Structures are given as structure tokens and as C-alpha cells.
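Here are my notes on the model you sent over. Have it open on your screen while you go through the points.

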Amino acid sequence: MEQIEHSPETQSAKGEQVFRGIGVSPGLVIGPVFVRPPQDDSFVEREIPREEVPREIARFETALIETRRQLREFQQGCDPAVASIFDAHLLILDDRPFIDSIVTGIESRRFNAELVLQDVARGFMQGLSRVKDDYVRERVADVQDVTRRVLHNLAGHKSTLADIRTAGTVVVANDLSPSEIVTIDRNRVAGIALDLGSPTAHAAILAAKFGIPAVLGLHSISREVRDGDLLLVDGGKGLVIVNPSEERRAQALRQEEIRRGIRTGLLELRDKPAETTDGYRVTLSANIEVPQDVEAVLECGAAGVGLFRTEYFYMARTEVPSEDEQFEAYSGVAQKVAPGGLIIRTLDLGGDKFLSNLGVQWEESNPFMGWRAIRFCLAQPDLFRTQLRAILRASVGGNVSIMYPMISTIDEIVRANVILEQAKKELMERGHPFNPHIEVGAMIEVPSAAIVADLLAPYVNFFSLGTNDLIQYTLAIDRGNERVAYLYEPTHPAILRLIKHTIDVGHRFGIWTGICGGMAGDPLMTPLLLGLGVDEMSVNPAALPLVKDALRSVSYAEARVVADQALVAHSAEDVHELSRGLTNKVAPEILELEQ
Ligand code: PEP
Ligand code: MG
């Protein structure tokens, strides 16, 4: 990938402003801008003279009234699941002890409403997180959200994505958190342009999954455009054009029509096998984030689900889902994809995915290298065991497997398996059926795991390469940082060697190896991965038809030759060239439009 200049903006001859970033979700869209301002809660601490106290209390009450009004407005016309989040928030705004403590706090301490509100809310949240009852503990996130909203209103309203009213809007922001994107209203948001981000940032994965054209890593776009500007987003080429000319708009609309036409044509591949021209088959599955995504999996003709990122299911709700709710969700997906498989990845929280309602201190100076995924789950055995019980209960149909994320040592697999055995024992005591032979896999996404794959193999039934993290950790590039995104090279010789080594070790131990990171969703990489010997690929449902087309366009024999040459290549560019040589048969028109 080319290094992007830090002043990406250019002025075109027609007076348009052109920004270049990283295209992460293909498609062309033209729509009005909605700038989502940074959601920081900063405020200035102020002492209030005695005579100003009534005015300060009135200011607080006005902010409360405004917050109630906004919440009721958001509730109108939104999804019932989302509406219930706002119900919980309204209840907090009517909680007398909470509100009274703030009013009396302003009177007695004589500080501004922001400070007193924040202090009272903190005390409230600490109290809630100490309560044994899960339901009460989960209210912490609601108090936090409501506090933030009231703080925004005290400061003058800072808009959030829930304020978007117009269909076809392009959201522009410095960054969007995974939990913001997972609850995005797809009827209103048609495009995304962010200052931060890289090809494997979670914002990128989610935008692609939703089919929302998106360009990330634009550095300063959120400071350069205003609400109401017209923006053209080309999520394939990574271009953003502010106030495009008539001519440019007409051309973009024509291109988008062609792209959609080719995409529709590719749907014909739905029922065709994922097989090379010489009859070699691999399992081609899809990745999902929430149970509803299973519809897209069925539509694209995937063999099953190769990665269910369960943490998003937790994030898309107000409270931590109970064992029964998880069981319902997991078994619903398992039944729909049967006889295809469903690989459920246990919680991968941490990094940039947090749950505020666990009463956990998330602040770390280096979260991607910190308390994340299996490390977090092993430290929260109750939460982990609850999820494992739910997965086990969903396994009765025989098509569900478990996958542990971010494994870096044998010890983590051994400890996770001990907790799994405890979960099985608990279910047996309760008389709940499950598949006692459920398969367990390890994600290979930390270089140490790839290097010691031979030590891990005896403890698992399969490996799945998480290349998003494997690339991040091997090449030392923060996957959310647009400044180093140019170093993201799936074809770097170090990455190819780790992939090849893992696959070979897997085969030596008689276990299959899949790949569920973003690299598997790039059709230009398909022949290479095939030639390296991968047994399964799990990709975004939107990418699946293209990958299947790529698979069906090459022979296994020629893919092996390319892989052998790639393994002795000296640079990522050389491997790209080799790969491109084989993929020129893959729907060239669409690659031209989408890459
Ligand atoms: C990966 O790291 O490649 C992966 C599939 O997991 P995630 O993107 O959810 O970290
Ligand atoms: Mg990962």
C-alpha cells in the first residue's frame, strides 16, 4: 500500500475538494454530510457564587428537560430493541434520589452542574457495580450514557448518530467506535468518511459488512467539511470529493449502476460449488457479528459461518445477555445455517471493543497488546463460563464449534479448556443436552501462536488464521492508526511464512486450517491462499461472491505454482505481481471499480 500524504486534500479544476484515504467498503454514494463531533465529556470546573446557585440549578433542569425531549424523539420510529435502550435512559432521568443528589450537591458544594453531575454519577455507578445482581450492575452503562447526554446538553448539544434524520446521509467523524457503528441506522446512513482508521480497523470491517461505502484514514476530513455539504464517497478507490460537480456526480452514478449490475450477476454463483477449474474444493464460509447477519450468509451462498464475532452481539444491547438469551441467539443461527457449520468465537473484548456495563476498568496505555480476548475471559471466568454454557447448549445439532481468540501460549488453551469442562459438568448437572464432542479451535493471530503451532495443535481440532491481528502484531502496525496503514501488507514475506507454517503444521497434526481475517476477503489473494494449502476461508458476506468467482477461475495446480514462487519472493510487491498474474481472470470490471 502506498504511503498517503499527510495533507491529502487537493483542489480540482472545478473547485471541488478531493481527499484521498483508504477505501474499505466499495460502492459510490453522494449525500449530504452529517459531522459527528468528538464525543468528549470535557468541561471546565467552576465555583458558583451563592447568588448564582438558583440559576445553575435551573440550567441543570433545562438540560434534563432537553435530554428527555431528545430521547423521546429518538425513540420515535426506531427499532424496538433500540427504543428499549432509551426507555432505560428515561427511567434514570426520572430517578428522584439521583436527580435530588445533584440539585442538593449544587446547593451545598457551590460548583457548576457539570462537575456535581459527574461526581454524583460516578458515585452512583460505583455503588451499582458493587451490587451482586447482574441486572442492577448492568445499569452502569445506562447511567454513563445518560450522564454524557446531559453533559452535552449543558455544554450546548453535541450531536450523535441518533440525530441523523435524512436518508442517504454521509457520516463524517474523527472516528466511530465499534458500538456506534453496530447500532447505526442503515436506512439513514449511506456513506462513511473518517479521519482515522486502516483497512482492518473494526470500523472498516463493520462498514463493509453493512455494505456502506466507506473511506477511512482521511486525516482531517472532519475538520474540513460542514453539515449539509455534499459529499461523494468512493469506498473502493478511497476517494472523497466535497461538493462534486454535476459532471462528476453523473459519472459516479453511472459507475455505481454498472457496479451493482455486475454484483447482481455474481449472485448467480450462489449455488455453485467453491471449486477450482481442476475440481479442488475449499470450504467458503462467511463472518457475522450479530445473529441477524445470518440472512446475508444464506443469501450469499456461504457454506456456513466461519467466524461469529460474539462481542458485537453483546455491544448491540443494553445489558450483558444472559445464558438463555445467548443460547437462543446461537442456536437460532446454528439451525439456520445447518447442515453448514457455525464457529462461535468467544468474547474478543478489549483492544478497541469495550463493554461499559461490566463494571471493568478498561483504561490501558496499549490496549491492543493488553487485556484483550482470551486474556480478559480467563480473568472473568464467570462471564466466560456463561458464554461457554450457552454455546454448548446450542451445539446439540452437532454443527457448532468454539474458537478462542488471541491465543499466544499453550497455557491459555489449557485453561480455557478447563473452564469448558466445568461448563459441560454444570450443564450435565442441570440436565441440559449438548454435543460432548464439540470441536474447539484456536485463532492464530499472534505471531507466537503461529511459531509454536506444533505445540498448540494437540489441544485443538482446528486453527483459524486471524490475519487482521496477525499482520498488526507481526508488522507492528496498530490496526486503527491511519499513519501506519501504508505498512499493512498481507503479502509481506513474514506473513506468508507464518501462514504457510501454520497450515503445514495443522496438516501434519491432521487438523484443518482456515483463514477468517480480511485477507481472505480480497479476491486478489484467493489463488495465493489456495496454493498455500488453506482448507477454509471465511469472509464478509459482501465479499463472498467475488472470492468464489476467483476460486472458480483458477486451477489448484497453477495456484500451487504461484504460492511456491511467492514463498521465495523478496517483497510484498513481488508477491502482489505474482498474484495479479493469476487473478486477471476474476471479474476484471468489478475489481477495476472496487479496488
Ligand atoms: C482477525 O484478527 O483477523 C480476526 C478475524 O479477528 P478480528 O478482526 O475480530 O480481530
Ligand atoms: Mg482478531
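1. Helix 19 is the top contributor to the shell around ligand 1, giving three residues. Helices (H or I, at least four residues) and strands (E, at least two) are DSSP runs, counted from the N terminus. Helix 19 (467-474), helix 8 (202-210) and strand 11 (305-309) each bring at least two residues to that shell.

2. Before going further, a word on ground rules: this is a predicted model, where local features need pLDDT of at least 70 and side-chain atom pairs count only at pLDDT 80 or more, while totals for chains, interfaces and linings use all residues. Residues are numbered from 1 along each chain as its sequence is written, chains are lettered from A and ligands numbered from 1 in the order written, and side-chain values use heavy atoms, with hydrogens and water left out.

3. Which residues come nearest to ligand 1? Of the 17 around it, they are Arg-309, Arg-345, Gly-466, Asn-468 and Arg-479; "near" here means a heavy atom within 4 Å. The shell splits into eight charged, five polar and four nonpolar residues. In this scheme Asp, Glu, Lys and Arg are charged, Ala, Val, Leu, Ile, Met, Phe, Trp, Tyr, Cys and Pro are nonpolar, and the others, Gly among them, are polar.

4. Now the polar contacts (pairs of N or O atoms within 3.5 Å). The side chain of Arg-345 has an N or O atom 2.9 Å from an oxygen of ligand 1, and for Arg-372 the corresponding distance is 3.3 Å. Glu-445 also places a polar side-chain atom 3.0 Å from a ligand 1 oxygen. On its own, ligand 1 has 290 Å² of accessible area (Shrake-Rupley, 1.4 Å probe), and the protein covers 100% of it.

5. For the overall layout, an automatic or database assignment gives domain 1 (17-39 + 160-243), domain 2 (50-155) and domain 3 (310-444). The C-alpha centres of domain 2 and domain 3 are 33 Å apart.

6. Two backbone spots to check. Most residues other than glycine have a negative phi, and most peptide bonds are trans. The bond from Ala-338 to Pro-339 is cis, with omega near 0°, and Pro-339 sits in the loop between helix 13 (323-337) and strand 12 (342-345). Asn-243 has a positive phi, near 50°, in the loop between strand 9 (239-242) and helix 10 (246-266).

Note on methods:
A polar contact is a pair of N or O atoms within 3.5 Å; within protein, one must be able to donate a hydrogen and the other to accept it, and residues adjacent in sequence count only if both atoms are side-chain atoms.
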